[in-house]
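Please consider the structure shown below together with its sequence.

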Amino acid sequence: MLIASWIAVTALSLQVRAGAEVIAVAFPPWWGAERTLLAAASAHASIVRMTAVPTLLVVRPDRDGGLNRLYEAGAWLTIDPQAVAACIKADDGVGVGDDLRRR
């Protein structure tokens, strides 16, 4: 019972809010960063941030079917980006950790 309730609470807290403009998207863990970026680009998603995990990106999907295109491009799941805040890299001088929304 404890495990089932933990899974339910986790699933609800990671769920993307309705109308969210920015989401985190997870691709298969064996994909490299290049393949992940190409998949997001093929779904017409704007990359907002990269994370410490190369297959986890924070993106702004296209408004017209963007989530469906991300799944078609190979995404496993979409997550509220605040739930993956611990995976986001600090700024390393090359812009990897820059939040593009602030520019």
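In this predicted model, strand β1 is covered on both of its faces. Ile23 and Val25 are buried on one side, and Ala24 and Ala26 are buried on the other.

The partners of β1 come next. Strand β1, residues 23-26, is joined by 4 bridges to strand β3, residues 56-60, and the two run antiparallel. Within this pairing, Val25 stands opposite Leu57 of β3. Strand β1 is also joined to β4, here by 3 bridges and again in an antiparallel arrangement. The bridge partner of Ala26 in β4 is Leu77.

These pairings belong to an open sheet of 4 strands, which follow the order β2-β3-β1-β4 with antiparallel pairing. Strands β2 (46-50) and β4 (77-79) form the edges, each pairing on one side only. On average, neighbouring strands of the sheet are turned by 35° against each other, direction ignored.

Helix α2, residues 33-42, packs on this sheet and touches β2 and β3. The direction of α2 makes about 20° with that of β3. Which residues of α2 are buried? They include Thr36, Ala39 and Ala40. Because these residues cover an arc of only 95° around the axis, they lie on the same side of α2. The cover over the buried residues of α2 includes β3 and α3 (66-72). On the face turned away from the buried side, α2 carries the exposed residues Glu34 and Leu38. After the helix comes His44, which has a positive phi, near 60°.

Thr36 lies in α2. Is Thr36 buried or exposed? With a relative accessible area of 0%, Thr36 falls under the 20% limit and is therefore buried. What surrounds Thr36, apart from its neighbours within four places in sequence? Its contacts are Phe27, Trp31, Pro54, Thr55 and Leu57. Of these, Leu57 is also the residue of β3 that stands opposite Val25.

Technical notes: Residues are numbered from 1 along each chain as its sequence is written. This is a predicted model: local features need pLDDT of at least 70, side-chain atom pairs count only at pLDDT 80 or more; totals for chains, interfaces and linings use all residues. Side-chain values use heavy atoms; hydrogens and water are left out. Two strands pair if DSSP finds at least two bridges between them. Axes are lines fitted to C-alpha atoms, for helices over the stretch in contact, and angles run from 0 to 180 degrees between N-to-C directions. Contact means heavy atoms within 4.5 Å. Buried means under 20% relative accessible area, exposed over 50%, partly exposed in between (1.4 Å probe, protein chains only). The arc is that of the directions from the helix axis to the C-beta atoms.
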